[in-house]
Amino acid sequence: MAPEQAGSGRLIPVNARLALREDEITESFVRASGPGGQNVNKVSTAVRLSFDLRNSPSLPPAVKARAARLAGHRLTSEGVVVIAAQRFRSLERNREDALERLLDLLREAAVPPVPRIATRVPKGEKRRRVEGKVRRGEVKRLRGKPAGD
């Protein structure tokens, strides 16, 4: 599905091929701890961003699976990614920070893993390994008690 054809709401680009609808993301605002002086006790500047990863129509299943693995403790049992942002004093900067962290997670999940190509160990490497073991064994054997005459 092309990003332009996704349902209602403004589109938020993840990468060249993926975009999220704005209505898939919910934000709630709470009072932040940390810097802010008296303002911290009066204004809700911290942001809790929620994104329903499991039920998102914007992402293919492979990206959802990789994102779930990358989200770790930020993923709830219902499949919702929760990101808390309270790094900054202003609400707007915390909103931007939370959204950017979600998009970073999804960008990383959008990159498919490179499959491992099995290679053989070269014969010379095996030979050198065995010779090293033989030398080491000889050193240890010579450390022993001298043979009685």
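What we have here is a predicted model, in which local features need pLDDT of at least 70 and side-chain atom pairs count only at pLDDT 80 or more, while totals for chains, interfaces and linings use all residues. Residues are numbered from 1 along each chain as its sequence is written, and side-chain values use heavy atoms, with hydrogens and water left out.

Turning to the overall layout, the chain has three helices and five strands, where helices (H or I, at least four residues) and strands (E, at least two) are DSSP runs numbered from the N terminus. Read from the N terminus, these elements follow the order β-β-β-β-α-β-α-α. If a contact is taken as heavy atoms within 4.5 Å, then among the contacts in the chain with a separation of 6 or more, 56% come from residues 24 or more positions apart.

Now to the sheet, which is open and has three strands in the order E3-E4-E5, with antiparallel pairing; two strands pair here if DSSP finds at least two bridges between them. Strand E3 (25-30) and strand E5 (80-85) stand at the edges with a single partner strand each, so one side of each is left without a neighbour in the sheet. On average, and ignoring direction, neighbouring strands of this sheet are turned by 20° against each other, an angle taken between axes that are lines fitted to C-alpha atoms, on a scale from 0 to 180 degrees between N-to-C directions.

Six antiparallel bridges join E3 to E4, and Thr26 has Ser50 in E4 as its bridge partner. Strand E4 (residues 46-52) is also joined to E5 by six bridges, again antiparallel, with Arg48 opposite Ala84 in E5 and Val47 partnered by Ala85. E4 is mostly covered, since five of its seven residues are buried.

Which residues have the most contacts inside the largest nonpolar core? They are Leu20, Phe51, Leu59, Leu102 and Leu106, in a core of 23 residues, a nonpolar core being a set of buried Ala, Val, Leu, Ile, Met, Phe, Trp, Tyr and Cys residues joined through side-chain atoms within 4.5 Å. Two or more residues come from each of E4, helix H1 (61-71), E5 and helix H2 (91-110), and H2 gives the most, with seven. Leaving aside residues up to four places away in sequence, Phe51 touches several residues, including Leu20, Leu59, Val80, Leu102 and Leu106.

In H1, the buried residues are Val63, Lys64, Arg66, Ala67 and Ala71, and the buried residues of this helix pack against E5 and H2. Just after H1, Gly72 takes a positive phi of about 60°.

I would like to finish with Arg21, which lies in strand E2 (residues 19-21). Is the residue Arg21 buried or exposed? Arg21 is buried, with a relative accessible area of 17%, and its side chain makes a polar contact with the side chain of Asp23 at 3.1 Å; such a contact is a pair of N or O atoms within 3.5 Å, where within protein one must be able to donate a hydrogen and the other to accept it, and residues adjacent in sequence count only if both atoms are side-chain atoms.

Conventions
Buried means under 20% relative accessible area, exposed over 50%, partly exposed in between (1.4 Å probe, protein chains only).
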